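Hi everyone, thanks for coming.

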Amino acid sequence: MGKRSFNKTPMREQAPEVRQHNFKEVALGYNMEEGQLEAARCLQCKDAPCITHCPVMIDIPGFIRQIKLGNMAEASKILSRYTNLPAICGRVCPQEKQCEMVCRLGRSKKFEPVAIGKLERLVADWELDQPTDVTDVPKDKGKVAVIGAGPSGLTVAGDLAKIGYDVTIYEALQAPGGVLTYGIPEFRLPKRIVRKEIEQITEQGVKIETDAVVGKTITMDEIMHDFDACYIGVGAGTPNFLGIPGTNLNGVYSSSEYLTRINLMHGYEFPKYDTPVQQSKHVVVIGGGNVAMDSARSARRLGADTVTVIYRRSSEELPARVEEYQHSVQEGIQYSWLTNPVEYLSDEDGNLKGVKCIKMKLGEPDDSGRRRPEPIPGSEFTIKADTAIEAIGQGPNKVLLDTFPELNKNKWGYIDADEQTCATSVPGVFAGGDIVTGAATVILAMGAGKIAAKEIDQYVKSHHSMATV
Amino acid sequence: MYKITERTVLSEREIEFWIIAPRVAAKAQPGQFVILQVDQFGERIPLTVCETDEASGQIRVIFQVIGKSTAELKHLNAGDELQDVVGPLGKPTEIKNYGTVLVVGGGVGIAVLYPVIRGLKQAGNHVITILGAKTKDLVILREECAMYSDELILVTDDGSLGQKGLVTDAMKAVFAREEINQAWAIGPGIMMRYCTDVATKAEVPIYVSLNPIMIDGTGMCGCCRVLVNDQIKFACVDGPEFLGDQVDWDGFIQRMHQYHPEEEEAYQAYQEKQVQLNG
Ligand SMILES: Cc1cc2nc3c(=O)[nH]c(=O)nc-3n(C[C@H](O)[C@H](O)[C@H](O)COP(=O)(O)OP(=O)(O)OC[C@H]3O[C@@H](n4cnc5c(N)ncnc54)[C@H](O)[C@@H]3O)c2cc1C
Ligand SMILES: Cc1cc2nc3c(=O)[nH]c(=O)nc-3n(C[C@H](O)[C@H](O)[C@H](O)COP(=O)(O)OP(=O)(O)OC[C@H]3O[C@@H](n4cnc5c(N)ncnc54)[C@H](O)[C@@H]3O)c2cc1C
Ligand code: SF4
Ligand code: SF4
Ligand code: FES
Ligand SMILES: [Mg+2]
């Protein structure tokens, strides 16, 4: 074995000049050789810190060792013990804040951490091309309903089906996947990958019923009556608006609408697909998270001449993943730091023509420990824009919650569920993912699903045994 | 898949479907709607549930052909299947006994109004109904509305049926002679706005049913937002019915035009394709 390279083995990418005009995946993945090269960088630590910083505690040195040995089937088997969606997490996990942040190799100044996420993706993509071996478990342990086919619900369902539960997922939209399908764009997470990972779950015998809005199409009463237990994973899918003057002008979007038009409805392929999305020239995106990056980079791909992200704090506080930020800069996205919008300006027909902004400065730290941005009086200026996209966060979706007052909520309106067990105030009803934590990450939503599957199994078993006493 | 069992042409531009959608049929109440999608390429199209037949699991919808998606619907026949029908969505109309109610429907809005009329009558109200359209043939569901109305007033722009004039004229006449406890107006935005003005002047509370552009219909995208009482409301979950005098009409009407260029492009391309296919 040669010397460890200081840097991660680079992953091939579409060139920025090319990719800013298409929706194909940016990062092209490792081939076997690159993967083995990267795997060889891992120190195979004894009490590997990377494991404890993965929300689902994947045996990271274990699977990496198998890659190094060229034993992909074994690597895949290890992954599958911990995660149901490795091809997705390998792509979108904020690795630099989790497993890779504490990687022992990366601790020494000269070295970058092992590219754990990219290696996970390599194994998962290999696995997706293999025939699934479905162990045909009789589904006789009980009936469980899962509400919402996002990463959290899919995980609960997959885990319970594997151990013999008859599971039905109810999904409001026409397609499963949650944010993976309607939010995260194709160029970061190809829908083909999402579909395949979902197929692996349905092949375990999970039924997915789309077009089923629980609270409307089916009531919670019916669910509680027809099933032994249920899991609520409906996400945090209601967009917030700043509510500044002009919010209802044509051309002002929530990121949820913008991305749903593009991803779920394929607006970027209009008119082959019927749902339109605005053809903008000058786009302003408000916010600094992954959702803002996704909106900005999508606008670029739809052909906008200028795309400006305005963020009220400075580049150091940017919550988006570094990799996404860097990708966006390469694609020509501009940033206006310490800037807040104050008003949307209208032309004579009610279309957006500009965003009036104010400069901010950082003051004293707030509750979150970050310095609070404050407006600088008299610093207003206008950015020309025909489209503005607000990516300032989501709140709990109330369609189900409003019909189910028995369920306790916390002060932000999210479901009050025990972190250790996902249990709610209603016996037999479990909850997890964004509807409990507020907008978070795929891996945390999946982690909650893993916990809930174990707890639901316990619950149903004890219930059955009580019933037979 | 959701099968279309019956297709009826009601007017030059209005078509009626019965569709098998048992879950919706079991739950839909007046004022609620479904979203349907023809196939994976299609838009999500919101349409009001006009009637249900729970026993056979069917729902009835009536649509006006105004663009690409509704034109495509028009070309479907009994026996064809829709990829998706989801619902019932939105809040139901607040049906109760108000006393005497005045309900006003215009154009295809009559299809949206009809279940409201029926509900109000069954709840014991004295129902006065005004139906209006450009011309005689466009006044749909006349007999059915009459069945559940204590009084039915017909109005056409050209005088080909009933009174010649506008529904607001007929409203004023009713307000002048009768005490009305609650009113409804459902139709084009402009009509609902003027009806609101007339009712508000007469100090009668009036509900309107807003039909902004929607995508998911579950409160997830914020596309359907309207300002009501100066607050952002999502018509798909907080509505579609709101008190007319609280609606920001300018904002609502202007947002309906957001995609005109794209809609025209799509409709034209579709019509050209139809011409090519059918000669
Ligand atoms: C644009 C964007 C980019 C993101 N990027 C990243 C990233 O790079 N990395 C990362 O880790 N995280 C990212 N996230 C966050 C991540 O996607 C979420 O934390 C995660 O999807 C939450 O999963 P969930 O299963 O709790 O809910 P969701 O994914 O929101 O799924 C909930 C599902 O429930 C359905 N539903 C809602 N109400 C009902 C009802 N009443 N009946 C039936 N079904 C219902 C919804 O339609 C939806 O399909 C991003 C989020 C967005 C919006
Ligand atoms: C709650 C609700 C109930 C409705 N009930 C009925 C009904 O019972 N019968 C009926 O004929 N119509 C109804 N509509 C309107 C109907 O959905 C639109 O006419 C239809 O979607 C237009 O599609 P199109 O592609 O044929 O027309 P387009 O050419 O695309 O659009 C024509 C106009 O319709 C409106 N529109 C376009 N897309 C949408 C959309 N996704 N959602 C809402 N409006 C849109 C816009 O103002 C647009 O300018 C309802 C709408 C809503 C929101
Ligand atoms: S799931 Fe996420 S945190 Fe865990 S190993 Fe994979 S990339 Fe790291
Ligand atoms: S901490 Fe880094 S080097 Fe150590 S086992 Fe984990 S990935 Fe390998
Ligand atoms: S249609 Fe998306 S929130 Fe109402
Ligand atoms: Mg259309």
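Let's begin with a definition: a salt bridge here is a side-chain nitrogen of Lys or Arg within 4 Å of a carboxyl oxygen of Asp or Glu. By that rule, there are three salt bridges across the interface of chain B and chain A. In one of them, A:E209 pairs with B:R23, and the closest N and O atoms are 2.3 Å apart.

A word on the ground rules. This is a predicted model, where local features need pLDDT of at least 70 and side-chain atom pairs count only at pLDDT 80 or more, while totals for chains, interfaces and linings use all residues. Residues are numbered from 1 along each chain as its sequence is written, chains are lettered from A and ligands numbered from 1 in the order in which they are written, and side-chain values use heavy atoms, with hydrogens and water left out.

Back to the interface. Counting contact as heavy atoms within 4.5 Å, chain B brings 45 residues and chain A brings 46. About 3,700 Å² is buried between the two chains, with 52% given by carbon and sulfur atoms; buried area means the accessible area (1.4 Å probe) that two parts lose on being put together, summed over both.

Finally, please look at ligand 3. Which residues surround ligand 3? Among them are A:C54, A:C89, A:C93, A:C99 and A:E120.

Conventions: A residue is near a molecule or strand if one of its heavy atoms lies within 4 Å of it.
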